[in-house]
Amino acid sequence: MVLSIISIILNVAFFVILNLDLYTDKAHMADGSVRTWQRSPLDRLDVADKRWMLYLQIFFAAVSVITGIMIIAGVRNNAVKITRLVATIASAVMFMVILIVSKGIHPKY
């Protein structure tokens with residue numbers, strides 16, 4: 001049951017971190033000025049048209065949270081526990097992949 005609570009908190013933390021402005025983009029504009037933007041990893045995924053990665057993250061997080069709630073509610077099926085574990089691991093891996101991919105995106109303006 002403790003692992004279920006941890007997996008729910010972890011998935012919420014993933015979405016909070018993905019929405020923080022972690023990156024600074026700078027671009028030279030046509031008039032010679034330099035413009036600066038603060039962007040979150042999700043904003044960078046949007047710029048690179050890789051929004052599908054977020055949808056995959058949402059899927060894994062939803063499965064993890066739903067199965068975690070089921071376990072907290074009293075479901076003692078081993079398949080539910082295994083599904084929660086696999087979904088939590090997949091969500092963590094997808095979170096890391098999104099951070100790595102968004103770090104490598106350099107938008108052109």
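Angles under 35 degrees count as roughly parallel, over 145 as roughly antiparallel, 65 to 115 as roughly perpendicular and the rest as oblique. This is a predicted model, where local features need pLDDT of at least 70, side-chain atom pairs count only at pLDDT 80 or more, and totals for chains, interfaces and linings use all residues. Residues are numbered from 1 along each chain as its sequence is written, and side-chain values use heavy atoms, with hydrogens and water left out.

**View 1. Helices H1 and H4, side by side.** Helices (H or I, at least four residues) and strands (E, at least two) are DSSP runs, numbered from the N terminus. Here H1 packs against helix H4 (residues 78–103) at an angle of about 20 degrees, with the axes 11 Å apart. Those axes are lines fitted to C-alpha atoms, for helices over the stretch in contact, and angles run from 0 to 180 degrees between N-to-C directions. H1 and H4 are therefore roughly parallel to each other. Their crossing is left-handed; that word applies if the near helix is turned anticlockwise from the far one by less than a right angle, while clockwise makes it right-handed. On the H1 side, look for residues including Leu3, Leu10 and Phe14, which meet residues of H4 including Ala92, Phe95 and Ile98. Contact means heavy atoms within 4.5 Å. Sorted by class, the contact of H1 with H4 has nine nonpolar, five polar and one charged residues. For these classes, Ala, Val, Leu, Ile, Met, Phe, Trp, Tyr, Cys and Pro count as nonpolar, Asp, Glu, Lys and Arg as charged, and the others, Gly among them, as polar.

**View 2. H1 again, now with helix H3.** Helix H3 covers residues 52–73, and its axis comes within 8 Å of the H1 axis, crossing at roughly 155 degrees. H1 and H3 are therefore roughly antiparallel to each other. H1 passes H3 in a left-handed crossing. Among the residues making the contact are Ile5, Ile8 and Phe15 of H1, along with Ile58, Ala61 and Val65 of H3. By class, this contact of H1 with H3 has twelve nonpolar, six polar and no charged residues.

**View 3. Ile98 in helix H4.** Ile98 is buried, with a relative accessible area of 0%; buried means under 20% relative accessible area, exposed over 50%, and partly exposed in between (1.4 Å probe, protein chains only). Setting aside neighbours within four places in sequence, Ile98 is in contact with Leu18, Leu45, Met53, Leu54 and Gln57. Pro41 sits 57 residues away from Ile98 in sequence, yet 7.3 Å away in space, C-alpha to C-alpha.

**View 4. Asp25 and its two arginine partners.** Asp25 lies in strand E1 and is buried, at 4% relative accessible area. Its side chain makes a polar contact with the side chain of Arg44 (2.4 Å). A polar contact is a pair of N or O atoms within 3.5 Å; within protein, one must be able to donate a hydrogen and the other to accept it, and residues adjacent in sequence count only if both atoms are side-chain atoms. The side chain of Arg39 makes a polar contact with the Asp25 side chain too, at 2.9 Å. Arg39 belongs to strand E2 (residues 34–39) and is buried, with a relative accessible area of 13%.

**View 5. Asp21 in a loop.** The loop holding Asp21 runs between helix H1 (2–18) and strand E1 (23–28). At 48% relative accessibility, Asp21 counts as partly exposed. The Asp21 side chain reaches the backbone nitrogen of Ser40 at 3.5 Å.
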